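Colleague: I am new to reading protein models, and I would like to learn how to read one feature at a time. Could we go through this one together?

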Amino acid sequence: MDVFRIMGGNRLSGTVRLSGAKNAVLPILAAALLTGEPVVLKNCPRLKDVSNMLAILQTLGCTYRQKDGEIAIDASCAQGWEMPGELSKQLRSSIFMMGSILGRFRRATVTYPGGCEIGLRPIDLHLSGLRALGVKITEAHGMIYCDGSDMRGGEVQLDFPSVGATENVMMAAVLSKGQTVIHNAAREPEIWDLQNFINAMGGKVNGAGSSTIFIEGVEQLHGTVYSPLPDRIVAGTLMAAAAVTGGELELDNVRPGDLAAVNDKMRQAGCAIETQGARLFLRAPKELQPVRISTQPFPGFPTDMQAQMMAMACLAQGTSVIVENVFENRFAQASQLRRMGADILINDRTAVIHGGKLTGASVMSRDLRGGAALVIAALAAEGVSEVGNVEFIDRGYEALENTLNALGARIQRLS
Ligand code: UD1
């Protein structure tokens, strides 16, 4: 278990070029199984979640090469439809494989997925979506058996715009005869990116980015070269890190529209933000102001930035309120922030944060974004902090310490 030792109080300043988004790369890797021809992905981050996904694809018979941010996958020899149990437990995205395995093999056996412990994270919407396409699903002994021999296009009505369920249904529908319509689909940019990737392989998907997605089944897909969209959550995390240190940051390769809700709250906190094409500039204020945040599915404020904003709110002059609407148990970082002196009151899904000063302490990451929040807090805290369980952070940030150190932070990784 690695630990970050962080010396607080160093002002961040400089430029970072963003890599592809974890949450775009993972479903795209799953979708690569839908073609027997080679797929090449550019500008991919080196993350634990990505290597787990590649290991899953490998056990299904795919081969891959990974070099300098490029991943080449060849699924021509894929033959397995049974998801490896141990790996799927480590990674929630393994559930996205259900749709693509079904698309390719018309049957799939998967275990219940793992991932961060940030709530119940049931998969009922994934299963009901696939059932609407004619998949017969039985669950027994912790396994899910899917029979897609009668799979065809269908009308899918999601009770909640789940990102994963939308992606799963899209992948299952691409090679199914007839038209599929997904109502109340998730509108996240990563869904739009998955649509573009599938279409680059010869699929017929449209509507992604809106609440209704149309998928016209095709006979087969072909290989392609694709660059997943940049990581808006890494962007937001670095913005928060710069903001708490009174610093300034230039981000390159951003899609400002994807960051609208985050930018809005950064401005509420007093940051000056300007965008110019694919570049974004942030300048922190002398004193951070409190924020009011309510997480929502896109285009609302992303739950994946909630913890980082809580760390920022701990340093603001005044009282902030954060409501977490997407996951029911996503304030694990609060108890650790309190060890650094934060004044946070939590009642169910609402957190009230009285801003002030933080002091260095020894804390533990409990989940990916919560871990990033602790790093942000430590950057602004007085003295030295140690953030444990860095493995959580590595799931979604490629060598975060190097990125931040290049901006002027002082972070040491202890193994
Ligand atoms: C994805 C993202 C994750 C992000 C989340 C919300 C990936 C790999 N992960 O996760 O980083 O935090 O979107 O933006 O892209 N739900 C159900 N039943 C289901 C599915 C979901 O009740 O079958 C609930 C969940 O418990 C949660 C809410 O719906 O409360 C949102 O989940 P969902 O959008 O599915 O998130 P993920 O796809 O798991």
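Predicted model: local features only at pLDDT ≥ 70, side-chain atom pairs only at ≥ 80, totals over all residues.

Modeller: Residues are numbered from 1 along each chain as its sequence is written, and side-chain values use heavy atoms, with hydrogens and water left out.

Colleague: How should I read a sheet, and in what order do the strands S4, S5, S3 and S13 stand?

Modeller: Strands (E, at least two residues) and helices (H or I, at least four residues) are DSSP runs numbered from the N terminus, and two strands pair if DSSP finds at least two bridges between them. Here four strands form an open sheet in the order S4-S5-S3-S13, with mixed pairing. Its edge strands, each pairing on one side only, are S4 (63-67) and S13 (224-226). Within the sheet, S3 (residues 39-41) and S5 (residues 70-74) run antiparallel and are joined by three bridges, and Val 39 has Ile 73 in S5 as its bridge partner.

Colleague: Which strands does helix H2 lie across?

Modeller: For such a question, contact means heavy atoms within 4.5 Å, and angles run from 0 to 180 degrees between N-to-C directions, with axes fitted to C-alpha atoms, for helices over the stretch in contact. Helix H2 (residues 48-59) lies across S4 and S5, and runs at about 155° to S4.

Colleague: What is the strand order of the sheet that contains S14?

Modeller: That open sheet of four strands has the order S2-S14-S16-S15, and its pairing is mixed. Strand S2 (13-17) and strand S15 (272-276) are the edges, each pairing on one side only, and neighbouring strands are turned by 15° against each other on average, direction ignored. Five bridges link S14 (residues 248-252) with S16 (residues 279-283) in the antiparallel sense, and Glu 250 stands opposite Phe 281 in S16. Helix H8 (residues 232-244) lies across S2, S14, S15 and S16, at about 165° to S14, while helix H9 (residues 260-268) packs on the sheet, touching S15 and S16, with its direction at about 145° to that of S15.

Colleague: How many residues surround the ligand?

Modeller: A residue is near a molecule if one of its heavy atoms lies within 4 Å of it. In this model 19 residues surround the ligand, and the closest are Asp 124, Leu 125, Ser 162, Asp 304 and Val 326. The largest share of the shell, three residues, comes from H5.

Colleague: What should I look for in the backbone itself?

Modeller: Most residues other than glycine have a negative phi, and most peptide bonds are trans. Asn 43, in the loop between S3 and H2, has a positive phi near 55°. The peptide bond from Phe 298 to Pro 299 is cis, with omega near 10°, and Pro 299 lies in the loop between strand S17 (292-294) and helix H10 (306-313).
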